[in-house]
Structure formats: structure tokens, C-alpha cells
Amino acid sequence: MMGTVIFRTLSPLISALTLMLAVFVTLRGHNDPGGGFIGGLIAASAFALLGLSHGVPAVRQALRFHPMSYAGFGLLLAVCAGLLPIFTGRSFFTALWTFPQVLGVEIALSTPMFFDIGVFFVVSGAMTSIALSLEQRGGGV
Amino acid sequence: MESVFALLVTAFMAVSVYLMLSRHIIRVLIGLALLGNGVNLLIFTAGRLTRETPPLIAPDAEAITGIVANPLPQALILTAIVISFSFFALLLVLGFRAYQDLGTDDTDGMRAAEPVDDPGPPEGY
Amino acid sequence: MAAADVSAALITAPVPLSDWLVALPLAIPVLAGAVLVLLRQQLKQPIIVAVAALLAMLVTDIALLARVLQQGPVVMYMGAWKPPFGIVFAADVFGTSLATLATFIALLATIYSAADVTWAERRFGFYPFLMLLMAGVTGAFLTGDIFNLYVWFEVLLISSTGLLLVGSKKPQIDGALKYGLLNLLATTLFLVATAYLYGVLGTLNMADIALKVRAAPADTPLVTIAVLYLVAFGMKAAAFPLNFWLPASYHAPGAGVSALFAAILTKVGIYALIKTEVLLLGPVSAHFAPVIAAVAGATMLTGALGALAQSELRRLFGWLVINGIGSMLMGLAIGGEAGLTAGIFYALHSMVTMAALYFCGGLVEALAGTDRLTQLGGVQKRAPLLGAVLLILSLAVAGLPPFSGFWPKVLLVKAGISAGSGGLVLVLLASSLVTTIAMGRVYLFAVWRDAPDAAAQTGANGPRSPGASVLLPTLVLTVLVVAIGLYPMPVHELAARSAAGLLNADAYSHAVLGGAP
């Protein structure tokens with residue numbers, strides 16, 4: 001734990017902003033630079049920062065579940081996004097798009113987006129897990 | 001331009017081989033990371049270098065027009081970076097763990113799996 | 001949105017459900033792995049999920065194998081992109097038979113390990129790593145894209161390093177570190193070769209590569225690429241002189257994981273080597289067949305002599321794995337349909353036998369409380385069945401009739417003599433003799449003689465009799481070893497069909513590229 005007052009006061013704010021940036025970067029990834037991998041890394045860096053300032057137990061408590069469980073959820077989401085085309089008679093990982101109108105705004109929903117969100121969870125979960133275990137004991141996988 | 005990149009890749013590989021010849025795990029790891037970067041540059045060069053436009057389709061067109069950069073090597077490099085990054089992170093943790101548990105960073109001293117004082121097989125029945 | 005004409009690049013026809021047989025053996029383990037990671041605190045019996053997933057994989061693998069045998073390569077185009085633009089999965093006889101057998105052995109290894117895996121190890125992630133390992137192995141066996149093969153290699157590399165570490169004993173950390181570093185180097189070399197191949201041919205699809213290699217101008221540096229692949233996959237397969245990571249790491253984890261590694265991982269290397277050197281780069285790899293022959297001979301001898309020099313059971317088996325790799329490489333070096341058939345037959349035999357041998361070694365170790373030849377003994381008196389199993393497996397490894405090792409060696413000798421490589425045949429026979437001596441000594445010391453030091457046997461980690469969950473997988477594989485020895489025709493048929501498929505690159509390319517709807 002690095003204990004300066006400035007760091008401890010600002011790090012939750014910076015972490016929150018970083019997490020928002022992570023979500024933004026993930027969602028813009030389909031048509032612009034960004035995506036699940038880089039978004040996940042940004043999210044993991046936010047948790048690692050919080051771990052430095054407030055200690056690893058606080059971060060684990062804030063996450064509620066073990067970081068690897070998030071990675072498992074992401075993997076499940078990504079594969080399910082790939083399996084969805086089985087119901088429409090298309091190949092594995094074929095992109096399916098739908099454009100529902102929500103409150104008069106057209107929203108683009110697609111399987112690549114869910115795949116990307118899955119990647120986000122896999123990367124952020126796995127990297128947070130590694131970073132936290134390194135911060136906690138200085139070792140351990 | 002390709003020849004300049006070829007020299008750059010060579011430099012990467014030479015440095016990484018030098019580092020990997022070390023007995024210290026951390027140097028070997030840095031060497032492997034550099035090797036991975038060298039290979040990524042190699043893939044980039046193998047896809048031919050062009051100083052043209054990025055491979056984006058204009059909003060009013062249906063296909064790419066004109067000469068654009070080759071997008072495939074970029075996808076390959078991205079994949080390679082992601083994979084080698086995750087495995088490198090695992091190996092880094094493992095190397096640190098080995099340093100803690102085995103008490104050394106020197107591969108000569110890491111003989112937990114293959115003890116030096118192995119008596120050898122029985123010679124008579 | 002304006003409907004652009006994408007029919008040149010995309011497959012628009014509906015995909016029949018039966019084509020999903022190619023994707024399901026991949027999707028099932030990843031799904032199961034994800035569920036196991038997600039619920040690893042909640043699941044009381046994660047092994048049920050793992051076994052169910054492996055059973056489902058086995059069923060789809062067998063169905064896929066039946067279909068491939070009937071109508072040739074089954075192809076699925078990921079994301080519906082037409083080859084060579086998109087990634088394809090193309091199941092041929094060679095890959096599918098290896099995938100099926102690998103899944104079967106993984107199922108048995110999971111059952112075998114059930115008693116071994118402690119609660120702490122389950123929390124560490126034994127079953128998720130196992131599932132991801134099987135996803136990587138199946139992906140490597142079924143993919144039709146060389147860069148995708150690299151991805152699966154890394155998947156199985158990461159998960160196998162994780163499996164090696166489960167338990168976190170000092171030898172495991174030591175072994176896993178060396179295993180991970182050297183195998184990462186090998187995969188990176190594989191990537192170097194693939195980068196050159198892409199630079200030269202401009203394609204990554206295996207079927208397309210096979211076509212373009214055969215139409216390439218004479219000054220294309222294909223031999224360089226083929227040799228790079230030989231180094232990279234040779235290192236993965238533990239061929240001499242790049243074999244030293246294997247005996248340093250394979251004995252470190254529990255017996256079930258060791259068996260899984262010995263049966264599957266090196267065979268993935270051999271599979272990739274045979275596929276690149278025969279199916280893809282066949283016309284040029286004939287130029288350095290003598291190099292492959294030298295490597296094969298040296299690997300066989302190193303393996304056999306290494307086994308002779310070991311005093312610990314499982315480290316000794318590690319050298320026997322290397323010896324087997326040499327025999328498979330010999331099949332590749334002889335080449336032609338006869339040589340490849342023999343090599344592939346040997347690979348199938350070696351998967352079964354080495355898994356059984358590691359299972360059996362684990363049982364002997366549990367019974368005697370040690371795996372050192374100097375301290376072992378008395379197995380025959382206390383567990384005659386186990387003694388008989390070890391004898392059968394010893395003879396099978398050495399290649400003596402009537403067990404499964406005999407037929408591939410006969411085929412190798414026959415193919416070697418008719419191809420005029422008598423020296424290689426002599427090395428094969430000599431290494432078989434040395435293997436017989438090494439295994440005979442194991443049998444004499446561990447099984448036949450009385451325990452040298454009866455007091456030590458009943459120590460703290462003293463004898464414990466094997467339960468049904470560890471005995472059953474061992475017996476199933478041993479029965480398979482005997483069955484292949486007595487009735488080798490189905491396995492020979494599989495090997496011969498695999499070899500024929502590898503040598504007929506045109507048919508493969510046509511099935512993958514031309515067969516697109």
C-alpha cells in the first residue's frame with residue numbers, strides 16, 4: 001500500500017474514470033480503435049491502481065466475486081455469441097445483427113459486440129487476478 | 001523500406017538470442033519478449049510495407065478503392081501480441097514464484113525437478 | 001443499409017447442422033471450462049461437469065470421425081467467410097482420429113485423477129485448465145489454418161503450464177518454468193516460419209498453401225521455411241537435440257496429468273510436423289529427408305539410452321516418450337504411404353501405451369510409496385494384477401508381440417527396408433532392444449523381486465491399495481493395448497487412410513476450397 005493522502009484520495013476517482021473509459025473503449029471498438037482486449041486491460045489497470053492505494057482486500061470486497069469468475073463469465077458469453085448462429089443455420093461465429101428501436105433510437109446489437117464484451121471480461125478478470133495476487137503476496141499465480 | 005525493417009528485425013532477434021543465452025530467468029524472459037516483438041515486426045514486414053491509406057471503406061462505397069495498407073498482418077500481430085502477452089504475464093509470475101520458492105534466479109541452481117545427486121539406476125539384481 | 005454483393009467473400013447458403021460436428025468438439029470444452037471457472041467456488045463436484053463435457057466431446061468426435069471416413073474432409077467456415085479469406089476448420093482422417101483418441105485418453109485421465117485432485121487443487125483450477133487444454137488440443141487437430149494452429153498451440157501451452165503447476169510443489173515450479181520457457185520459444189519459432197510463409201505465398205489457409213507451394217516458382221525459399229517448421233515442431237515434439245525439457249518436466253505433476261501430457265502433447269507436435277512437412281510442404285521436404293532421418297535415429301537412441309540411465313520410474317517413462325517420438329519421425333523420414341502409415345500407427349499406439357504406462361507407474365508408486373528403482377519391489381506379491389499389467393505394457397513399449405507396439409514397428413521395418421534405409425531400421429531395432437532391457441529391469445526390480453526394505457514400505461506414505469477409479473482407466477487402456485495387438489486392422493486402416501489423405505494434397509485442397517457451397 002502506498003499511503004500518501006493525495007494518492008488515497010484521488011485513486012477511487014481515477015479508478016472510476018478509468019473504468020468508464022474502459023467501457024467506452026470496449027463499445028466503440030467495432031468501428032473505431034478500441035475493443036474488448038484493450039478495454040479489459042484498462043479496467044484491470046483501474047483495479048490494480050485501487051489495490052495499490054486501498055489494499056487488495058478492499059478491491060476483492062468491491063468486486064464481490066473472484067476476478068477469475070468474471071473471466072469465466074466472459075468466456076461463456078464469448079462462446080455463446082459464437083454459438084448463436086446455430087439457430088439460424090449459419091457457420092460458427094457468423095456475425096448476426098439486429099437493429100431494434102429503443103425510445104425512437106436505433107440501436108445496433110450484434111454477436112460481435114457480445115463477443116467483444118466477453119473478451120473484455122476475460123481480459124479484465126484474468127489480468128486483475130494476476131495483478132492482485134502479485135500485489136497481495138508478492139507472488140502466487 | 002523492407003530491407004531497413006529486415007535489419008531492425010535482425011537486431012531484435014540478435015539481442016533476444018543474447019539475452020536468452022543467459023542463465024538468469026529474468027533475462028531469458030526479457031529475451032523472449034523481445035523475440036516476440038521481433039516476430040511481430042517480421043509479420044508486419046512479410047505483409048509488405050506500403051505508405052498508402054488505411055484499409056477503410058469510404059461511407060459511400062461498397063469496397064476498398066485504390067491502394068491501401070494490408071490489414072491482415074495487423075490482425076495477425078494483434079493476435080500474436082495478445083497471446084504472447086498473456087503467456088508472458090503467466091511466465092513472469094511463475095519466474096517470480098520460482099525465485100521465491102527455489103531461492104534462485106539462476107537456472108544452474110534450479111534442480112528441484114532433476115536433482116544433481118541422483119544416484120543412478122541399480123546396476124545389479 | 002444498402003445490400004452490398006458479398007457472395008464472393010461470404011457463404012450465404014445455410015449450413016447443415018451436421019457441419020457443426022467440426023465446431024462442437026471445440027465449443028464444448030471451452031463452454032465447460034468457462035462454467036468451471038465461473039462456478040469454481042460453488043460447484044461441489046466439478047468433475048461431473050468435466051466428465052460430462054469430455055463424454056459429449058467424445059461422442060461428437062466419433063460422429064465426426066465416422067463422417068470423415070465416409071465422405072472425406074468436413075469443413076466449417078468460421079464467420080461464414082469463404083476460404084482463403086476466413087479461418088476454416090477442416091477435419092481430415094488424421095486429425096480427427098488423433099482428436100478422438102486424445103479425448104478418450106483425457107476422459108480416462110480425468111477419472112484416474114479424481115482421487116488425486118485435492119480440494120485446494122480444484123480451487124486452483126485443475127478442471128478448467130484440463131478443459132482448456134482439451135480445447136487447445138482439439139483445435140490444433142481440427143483447424144485448417146496455419147495461424148489458427150499457432151493460436152491453439154498457445155492455448156494448450158498456457159493451460160498445460162497451468163496443469164503442471166497444480167499443487168505448486170518445488171519440482172513442479174521448476175519443471176513448469178523450463179517447460180513454459182522452451183515451449184514458448186518453440187511456438188515463437190513456429191510463428192517466424194509462418195510469417196515467412198505468409199510473406200512468400202500470401203496465404204495462411206492450409207489447403208491454399210498446399211496448392212500454392214506446388215505451383216510456386218523454383219526460387220521460392222520454401223526449404224528454409226520447411227526447416228524452420230522442422231525445428232519448431234521438433235522442439236514441441238521433443239525430438240533430439242531439442243528434447244531435454246521433456247524429462248525435466250513430465251514427471252513433476254500427478255500421475256494422471258503426466259499420462260495426459262505424455263499421451264497427447266508431444267503428439268500434437270508430431271501431428272503439426274507431419275501435416276506441414278507432408279501435406280503443405282511435401283514437394284520440398286524431400287530435400288532434407290536425410291536430416292529428418294538423422295534426427296529420428298538420434299531421438300530413438302537418446303530416448304532408449306536415457307531410459308536405461310534413469311532410476312526413477314516416471315522420469316524413465318519420459319525418455320520412453322522420446323524414444324517413441326523417434327519412431328514416429330522415422331515414419332516421416334521414410335515417407336511415402338508405407339512410411340507415413342507406420343509412423344501414424346505408431347503415434348496412435350504410443351498415445352494409448354504411454355498413457356497406460358504412466359497410469360500404471362502411478363499405481364506402482366502409490367502401492368510402494370516410492371518411485372525409485374533401488375527401493376521398489378514386491379508388487380507381484382501384493383498386487384499380481386498390477387504386475388501383469390506392467391509386464392504387458394513393458395512388452396508393448398518395447399514392440400514385442402502380441403501387443404500394440406509390435407505392428408507399427410513391423411510396418412516401420414518393412415517400409416524402411418523397401419525404401420532402402422537399412423541404417424535407420426538397424427537403429428530402430430537396436431533402440432527397441434535397449435528399451436526391452438530398460439523395461440525388463442523395471443519389471444524385475446519393481447514387480448518380480450521382493451521389496452528390499454520391508455520396513456520402509458509401511459512408512460508414512462506407505463502402501464495404499466488402488467481404488468476402482470484409478471484401476472479401471474489403467475485396465476481399459478491395457479485391454480486396448482492387447483486388443484490392438486491381436487486385431488490391428490481397424491487402427492491400421494485409420495493410419496493408412498490418414499497417410500493417403502496427407503499425400504493427396506489436391507483432394508484435400510479441393511475439399512476445403514472447391515467444396516465451398
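A: Gladly! Helices (H or I, at least four residues) and strands (E, at least two) are DSSP runs, numbered from the N terminus. This is a predicted model, where local features need pLDDT of at least 70, side-chain atom pairs count only at pLDDT 80 or more, and totals for chains, interfaces and linings use all residues. Residues are numbered from 1 along each chain as its sequence is written, while chains are lettered from A and ligands numbered from 1 in the order in which they are written.

Q: In what order do the elements of chain A run from the N terminus on?

A: The order is α-α-α-α-β-β-β-β-α, which gives chain A five helices and four strands.

Q: How many residues does each chain bring to the contact between chain C and chain A?

A: Two residues are in contact if their C-beta atoms, placed from the backbone, lie within 7 Å. Here chain C brings 20 residues and chain A brings 19. On the chain C side, α1(C) gives the most, with 10 residues. That side divides into 17 nonpolar, three polar and no charged residues. Ala, Val, Leu, Ile, Met, Phe, Trp, Tyr, Cys and Pro count as nonpolar, Asp, Glu, Lys and Arg as charged, and the others, Gly among them, as polar.

Q: Which residues does Val364(C) touch?

A: Leaving out residues up to four places away in sequence, Val364(C) touches Leu313(C), Leu376(C), Val379(C), Leu386(C), Leu390(C) and Ala446(C).
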